[in-house]
Amino acid sequence: MSSLRPTRCIIASLSLATILIVVCIQLFDKNVGQPIPQNSFRNLIPVYHEPQDVCKPETKIIFLKTHKTGSTTLSHILQRYGLRQNLKFVKSAKSCCTISDYQKFHRKLIKNGWRQTFDICCDHAIYNRAEMDKVIPDAKYITIMRHPVEQFVSECDFFSWSHALHLEKFTMPLEELMNAPESYLGKKDYRAWMLSKNPMMYHLGVDGKHPDAVERAVEIADNEFHLVLITEYFDESMILMKKLLCLSYEDILYSRMRVHAGQQRSCTKGFPITDELKDKIASWNDADMKFYDHVNKSFWWKVKEYGPDFGVHLSEFRKLLAHTSDDCNRTASKLCTNLNMLFGQQISLIGRGAYLHADTKVVDG
């Protein structure tokens with residue numbers, strides 16, 4: 001009889017352990033697919049007590065996400081902000097992170113687009129103001145632009161144009177490409193072909209071949225967008241966006257996403273890009289070059305309008321950014337994980353929730 005007591009104890013212990021495991025699993029399942037708790041990110045970053053502006057954080061935002069401009073980093077900043085503000089996200093009915101690359105934005109392309117309005121959009125799309133206004137009324141419009149030469153080279157690498165156009169046999173595929181761009185890039189049978197000439201015109205829904213294309217793009221940027229950011233001045237762009245949307249320094253912290261990490265570039269094969277080659281790329285993207293010149297001037301005019309505090313705020317932001325980066329490195333990227341909305345995982349924002357799939361690779365962006 002006494003020999004049964006240890007057995008009974010073991011059975012009782014196993015039963016209790018089983019019950020605890022089941023409870024934990026149920027609690028975990030209950031939280032899968034729920035928005036990230038609003039204080040989960042805040043608890044991990046250094047505290048900076050900034051002066052409180054007399055303004056109200058914007059909750060209606062459309063970010064026209066462009067290709068190869070650092071837009072993934074900016075998109076993650078806005079996604080993180082939107083989650084913390086409990087905003088409703090515009091999402092594609094078919095894709096996780098692109099509304100459309102081949103037709104202008106329309107309600108039919110998004111999930112529940114005919115039945116409700118939303119708060120924030122930060123996926124790839126082609127500009128269509130009339131339809132966007134119906135989906136997110138009274139929104140602040142933002143986009144980002146990169147120097148056309150740098151953008152073209154990045155596109156060539158990322159979309160593997162050298163492979164698609166059978167240029168890998170050449171010592172410098174990019175040089176061969178630009179020696180006869182019409183014969184190669186006019187085929188329209190390779191990935192992202194529509195971005196191979198004046199991609200910013202394309203993103204704005206403007207025909208780059210039209211004689212008034214630049215004038216139309218300038219009109220859109222000046223009259224329909226509240227802010228056009230510039231990749232080459234990303235930190236400065238964050239300060240302008242912070243003021244426009246009434247954000248905090250915490251809201252605009254970032255860790256760069258989808259960046260080449262020593263990866264050999266297929267279009268240049270490690271060879272430097274000569275000034276002559278840069279001129280050819282600039283000439284090929286002439287409409288975007290003219291538009292970039294205008295946007296760049298407008299950007300610095302906004303910096304001037306910001307006032308003398310701009311330099312102070314930029315310095316404070318960069319100090320906090322450096323501090324955050326150091327902490328990130330010391331904590332084995334735990335902080336980076338939160339800065340980039342669970343870095344290394346695919347975030348699919350459907351409606352107001354965040355659904356996680358651990359299948360994303362970090363590549364150029």
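Me: Which residue is the bridge partner of Ile61 in strand 2?
Reply: The model is a predicted one, and the pairing of strand 1 with strand 2 is parallel and runs over 2 bridges. Within that pairing, the residue of strand 2 that is bridged to Ile61 is Ile120.

Me: In what order do the 4 strands of the open sheet stand, and which strands are at its edges?
Reply: The pairing in this open sheet of 4 strands is parallel, and the order is 2-1-3-4. Strand 2 (120-121) and strand 4 (227-230) each have a single partner strand, so one side of each is left without a neighbour in the sheet. The strands at the edges are therefore strand 2 and strand 4.

Me: Which residue of strand 3 is the bridge partner of Leu64?
Reply: Strand 1, residues 61-64, and strand 3, residues 140-145, are joined in the parallel sense by 4 bridges. In this pairing Ile61 has Lys140 as its bridge partner in strand 3, while the partner of Leu64 in strand 3 is Thr143.

Me: What angle does the direction of helix 3 make with that of strand 1?
Reply: Helix 3, which covers residues 71-84, packs on the sheet and touches strand 1, strand 2, strand 3 and strand 4. The angle between its direction and that of strand 1 is about 165 degrees.

Me: Which strands does helix 11 touch where it packs on the sheet?
Reply: Helix 11 spans residues 234-245, and its direction makes about 160 degrees with that of strand 4. The strands that helix 11 touches as it packs on the sheet are strand 1, strand 3 and strand 4.

Me: Which residue of strand 4 is the bridge partner of Met145?
Reply: Strand 3 and strand 4 are paired in the parallel sense, with 4 bridges between them. For Met145, the bridge partner in strand 4 is Ile230.

Me: How many of the 6 residues of strand 3 are buried?
Reply: Strand 3 is largely enclosed by the rest of the structure, and this follows from the count of its buried residues. Of its 6 residues, the number that are buried is 5.

Me: Which residues cover the two faces of strand 1?
Reply: In a regular strand, side chains alternate between the two faces of the sheet. For strand 1 both faces are covered, and the residues on either side are all buried. One side holds Ile61 and Phe63, and the other holds Ile62 and Leu64.

Me: Are helix 11 and helix 14 parallel or oblique to each other?
Reply: Two packed helices are described by the angle between their axes and the distance between the axes. For helix 11 and helix 14 (residues 286-306), the axes come within 11 Å and cross at roughly 60 degrees, in a left-handed crossing. The two helices are therefore oblique.

Me: How do the residues of the contact of helix 11 with helix 14 divide into nonpolar, polar and charged?
Reply: From helix 11, Glu236, Ser237, Ile239, Leu240 and Lys243 take part, and they meet Phe299, Trp300, Lys302, Val303 and Tyr306 of helix 14. The residues of this contact divide into 6 nonpolar, 1 polar and 3 charged.

Me: Are helix 10 and helix 14 roughly parallel or oblique to each other?
Reply: The axes of helix 10 (residues 213-223) and helix 14 come within 9 Å and cross at roughly 30 degrees, and their crossing is right-handed. Angles under 35 degrees count as roughly parallel. Helix 10 and helix 14 are therefore roughly parallel.

Me: Is Asn285 buried or exposed?
Reply: Asn285 sits in the loop that links helix 13 (275-284) to helix 14, and the residues it touches include Pro148, Phe152 and Ser196. Its relative accessibility is 1%, so Asn285 counts as buried.

Me: At 34% relative accessibility, what does Thr117 count as?
Reply: Thr117 is located in the loop between helix 3 and strand 2, where it touches Lys88, Lys134, Val135 and Pro137, leaving aside residues up to four places away in sequence. With a relative accessibility of 34%, Thr117 counts as partly exposed.

How values were computed: Residues numbered from 1 in each chain as written. Predicted model: local features only at pLDDT ≥ 70, side-chain atom pairs only at ≥ 80, totals over all residues. Heavy atoms only, no water. Pairing = 2+ DSSP bridges. Contact = heavy atoms within 4.5 Å. Axes fitted to C-alpha atoms, helices over the stretch in contact; angles between N-to-C directions. Parallel < 35°, antiparallel > 145°, perpendicular 65-115°, else oblique. Left-handed = near helix turned anticlockwise from the far one by under 90°. Nonpolar A, V, L, I, M, F, W, Y, C, P; charged D, E, K, R; others polar. Buried < 20%, exposed > 50% of the residue type's maximum accessible area, 1.4 Å probe, protein only.
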